[in-house]
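Please look over the structure below before reading on. The briefing that follows goes through a few of its helices and residues.

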Amino acid sequence: MTTLYESDFFAWTNRQAALLRAGDLGAVDIERIAEEIESMGRREKRELFSRLAILLMHLLKWRFQPALIGNSWRATIKVQRRDLLRLLADNPSLKSQLPTMIVDAYGDAILMAIRETGLDETAFPRDCPWGFDELIDPDFWPG
């Protein structure tokens with residue numbers, strides 16, 4: 001038998017919210033609600049990682065292909081910086097994970113930069129050359 005959770009997630013979420021508001025905890029699908037809450041936290045973490053990787057990739061392109069710098073790169077860097085700051089303002093506990101995330105995101109950024117620039121992996125520093133303060137500094141432009 002298919003459950004409402006499996007057949008209509010939107011209806012399930014509305015039903016669970018109504019049950020919680022009514023205080024009918026016995027009818028609430030507690031295990032699935034807990035899983036969904038954990039999943040929401042993981043999504044925020046993935047969002048932070050993704051924004052870091054995109055920012056780092058564009059900073060690498062900025063640094064290693066200066067002849068191609070344009071308004072598109074500048075705008076992307078500015079947007080990623082602003083979005084990172086908003087995400088961290090909404091989720092301050094993620095700040096403690098930044099050192100590890102920057103290392104991991106930098107690895108992805110190199111791979112994306114290789115794809116977009118055609119440069120060899122050896123063209124880029126092995127370790128991230130920038131700290132978080134530089135990454136979000138609106139006046140920092142590498143090179």
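Predicted model: local features only at pLDDT ≥ 70, side-chain atom pairs only at ≥ 80, totals over all residues.

**Helix H5**

- The buried residues of H5 are Leu 98, Met 101, Ile 102, Ala 105, Tyr 106, Ala 109, Ile 110, Met 112, Ala 113 and Thr 117.
- An α-helix has 3.6 residues a turn, so residues three or four places apart point the same way.
- Helix H3 (30-64), helix H4 (71-90) and helix H6 (132-136) are among the elements that cover the buried residues of H5.
- Just after H5 comes Gly 118, which takes a positive phi of about 80°.

**How H3 and H5 meet**

- The axes of H3 and H5 come within 7 Å and cross at roughly 50°.
- Because of that angle, H3 counts as oblique to H5.
- The crossing of H3 past H5 is right-handed.

**The largest nonpolar core**

- The largest nonpolar core holds 30 residues.
- The residues with the most contacts inside this core are Leu 48, Leu 52, Leu 56, Leu 60, Trp 130, Phe 132 and Leu 135.
- At least two residues of this core come from each of H3, H4, H5 and H6.
- In soluble globular proteins, nonpolar side chains tend to be buried together.
- Leaving aside residues up to four places away in sequence, Leu 135 touches Leu 52, Leu 55, Leu 56, Leu 59, Arg 81, Ile 102 and Trp 130.

**Ile 77**

- Ile 77 is placed in helix H4.
- Is Ile 77 buried or exposed? Its relative accessibility is 0%, so Ile 77 counts as buried.
- Beyond residues up to four places away in sequence, Ile 77 touches Leu 55, His 58, Leu 59, Trp 62 and Trp 141.
- Ile 77 and Leu 59 are 18 residues apart along the chain, and their C-alpha atoms are separated by 7.4 Å.

**Gln 16**

- Gln 16 lies in helix H2, which runs over residues 9-22.
- The relative accessible area of Gln 16 is 6%, and a residue counts as buried under 20%, so Gln 16 is buried.
- Which residues does Gln 16 touch, not counting residues up to four places away in sequence? They are Ala 27, Val 28, Asp 29 and Ile 33.

Notes: Residues numbered from 1 in each chain as written. Heavy atoms only, no water. Buried < 20%, exposed > 50% of the residue type's maximum accessible area, 1.4 Å probe, protein only. Helix = DSSP H or I, 4+ residues; strand = E, 2+ residues; numbered from the N terminus. Contact = heavy atoms within 4.5 Å. Core = buried A, V, L, I, M, F, W, Y, C linked by side-chain atoms within 4.5 Å. Axes fitted to C-alpha atoms, helices over the stretch in contact; angles between N-to-C directions. Parallel < 35°, antiparallel > 145°, perpendicular 65-115°, else oblique. Left-handed = near helix turned anticlockwise from the far one by under 90°.
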